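Please read these notes with the sequence and the model open side by side. They are meant for someone who has not looked at this structure before.

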Amino acid sequence: MPDPTPHGTDTPGEAALPPWHPARLAARLPHLRARARLMAETRRFFSERGYTEVETPCLVPAPGMEVHLAAFRSEFRPMLGEGGFPLWLRTSPELSIKRLLAGGAGPVFELARVWRNGEVSPRHAPEFTMLEWYRPGADLDSLMAETEAYLRALLPPRVTWDGVETDLTRPFERLTVADAFFRFCGGLDILATEGDTAALHAAARAAGFTPRDSENWEDLFFRLLLERVEPQLGRDRATFLTHWPAPQAALARRDPADPRAALRFELFVAGIELANAFDELTDAAEQATRFAQDVAERERLYGEGWPVDEDFLAALRHGMPATAGIALGFDRLVLLATGAASVAETLWLGGFPYE
């Protein structure tokens with residue numbers, strides 16, 4: 001459930017005031033001024049490393065292909081009173097930025113305003129800022145090193161959230177999903193099950209866990225991840241959780257050394273999932289197959305969705321260079337930098353129900 005009083009410094013009387021009211025704004029101002037400083041430092045960090053800041057469209061024909069993300073729908077009409085067609089507020093700038101990479105834009109970053117429906121909590125808001133950056137020619141190892149340098153440049157040496165402290169002066173841990181499941185799930189070999197529900201049910205039972213009859217492979221994978229693995233990550237030191245099972249490949253390449261795994265990592269700091277990164281898939285045929293599966297699965301689960309982004313596939317067919325890219329929740333970064341109790345405290349104005 002959402003935190004009913006997301007502004008931790010609010011009294012009951014203050015919480016009833018609009019977010020622009022001086023009493024409400026004054027409580028947020030230290031966090032908001034820190035946010036402005038972090039944005040300026042972010043731009044300086046990437047400019048000094050040869051990146052170009054880009055701005056890509058917020059209204060798009062397909063907001064993102066991830067199955068479990070819900071988007072906000074709008075409609076474009078060329079003229080008032082005429083018929084139109086649907087557009088969506090983007091859930092990420094990823095597909096647009098990759099078009100620019102295919103066109104030869106080189107290393108780029110964007111501080112992008114994005115929207116995701118159905119996500120409200122102390123770590124979620126339906127409208128938020130995503131920092132994404134992409135470097136042609138980079139791989140996951142170099143991207144992890146750059147991400148580590150970025151966090152050390154912007155955050156204090158120690159950060160704390162919800163009672164969990166991380167020492168950012170320590171080398172960041174690099175832990176594969178396979179090793180994490182083996183360590184925290186009683187020796188379970190997650191890659192040996194690769195999308196096979198019966199195999200994962202059997203492995204979970206052998207490791208001492210009881211699967212639910214209704215759980216498919218993905219359901220059980222995420223329950224084990226959320227209940228057993230993630231609570232152990234990003235505590236004393238930051239953790240890169242790498243080499244995800246291929247069914248969770250999303251837009252990442254498979255690992256040539258072990259095709260059961262995808263070249264993907266997530267970053268955890270102070271118990272918070274802060275970033276998600278890929279060694280980007282550039283094979284248009286494989287991407288088209290994955291998109292078709294995503295559309296079918298979203299329709300099966302939710303009975304709604306949007307079509308495949310064919311223009312993005314055309315850009316891949318034209319040729320996107322080998323690239324590593326990352327999406328980092330900027331509001332969560334501000335939360336870690338300031339010690340704010342929720343992302344709502346890091347937003348200049350809201351006025352929506354989640355406020």
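This is a predicted model: local features need pLDDT of at least 70, side-chain atom pairs count only at pLDDT 80 or more; totals for chains, interfaces and linings use all residues.

1. Start with strand E5, residues 108-115. Seven of its eight residues are buried, so the strand is largely enclosed by the rest of the structure.

2. A hairpin is formed by E7 and E8, with two residues between the strands. Strand E7 covers residues 158-161 and strand E8 covers residues 164-167; they pair in the antiparallel sense over four bridges. Tryptophan 161 has valine 164 in E8 opposite to it. In this hairpin, aspartate 162 adopts a positive phi near 50°.

3. The model contains 25 salt bridges. One of them joins glutamate 146 to arginine 49, with 3.7 Å between the closest N and O atoms. This pair connects distant parts of the chain, 97 residues apart: glutamate 146 belongs to helix H4 (residues 140-154), and arginine 49 sits in the loop between helix H2 (22-48) and strand E1 (52-53). Arginine 49, at 36%, is partly exposed.

4. Arginine 99 deserves a separate look. It forms a salt bridge with aspartate 309, the closest N and O atoms being 2.6 Å apart. The two are 210 residues apart in the chain, with arginine 99 in helix H3 and aspartate 309 in the loop between helix H8 (284-302) and helix H9 (310-319). Aspartate 311 also forms a salt bridge with arginine 99, here with the closest N and O atoms 2.7 Å apart. That pair links helix H9, which holds aspartate 311, to helix H3 across 212 residues.

5. Aspartate 309 is buried at 5% relative accessibility. Arginine 99 counts as partly exposed at 21%, and aspartate 311 falls in the partly exposed class at 48%.

6. Salt bridges also occur as a network. Arg212, Glu215, Arg223 and Glu227 are linked in this way.

7. Helix H3, residues 94-103, also contains lysine 98. Why does lysine 98 count as buried? Its relative accessibility is 1%, and buried means under 20%, so lysine 98 falls in that class. Leaving aside residues up to four places away in sequence, lysine 98 touches Tyr134, Leu251, Glu280, Phe312 and Met320.

8. The second largest pocket has a volume of about 150 Å³. Which residues line the second largest pocket? The lining consists of Val67, His68, Leu69, Ala70, Ala71, Trp88, Arg298, Tyr302, Glu304, Gly305 and Trp306. Sorted by class, seven of the lining residues are nonpolar, two are polar and two are charged.

How values were computed
Residues are numbered from 1 along each chain as its sequence is written. Side-chain values use heavy atoms; hydrogens and water are left out. Two strands pair if DSSP finds at least two bridges between them. On a 1 Å grid over the protein atoms alone, a cavity is a set of points where a 1.4 Å probe fits but cannot get out, and a pocket is an open set with protein on both sides within 12 Å along at least five of seven lines; lining residues have an atom within 4 Å of a point. Grid points are joined across faces, edges and corners, and a volume is the space filled by probe spheres set on the points. Ala, Val, Leu, Ile, Met, Phe, Trp, Tyr, Cys and Pro count as nonpolar, Asp, Glu, Lys and Arg as charged, and the others, Gly among them, as polar. Buried means under 20% relative accessible area, exposed over 50%, partly exposed in between (1.4 Å probe, protein chains only). Contact means heavy atoms within 4.5 Å. A salt bridge is a side-chain nitrogen of Lys or Arg within 4 Å of a carboxyl oxygen of Asp or Glu.
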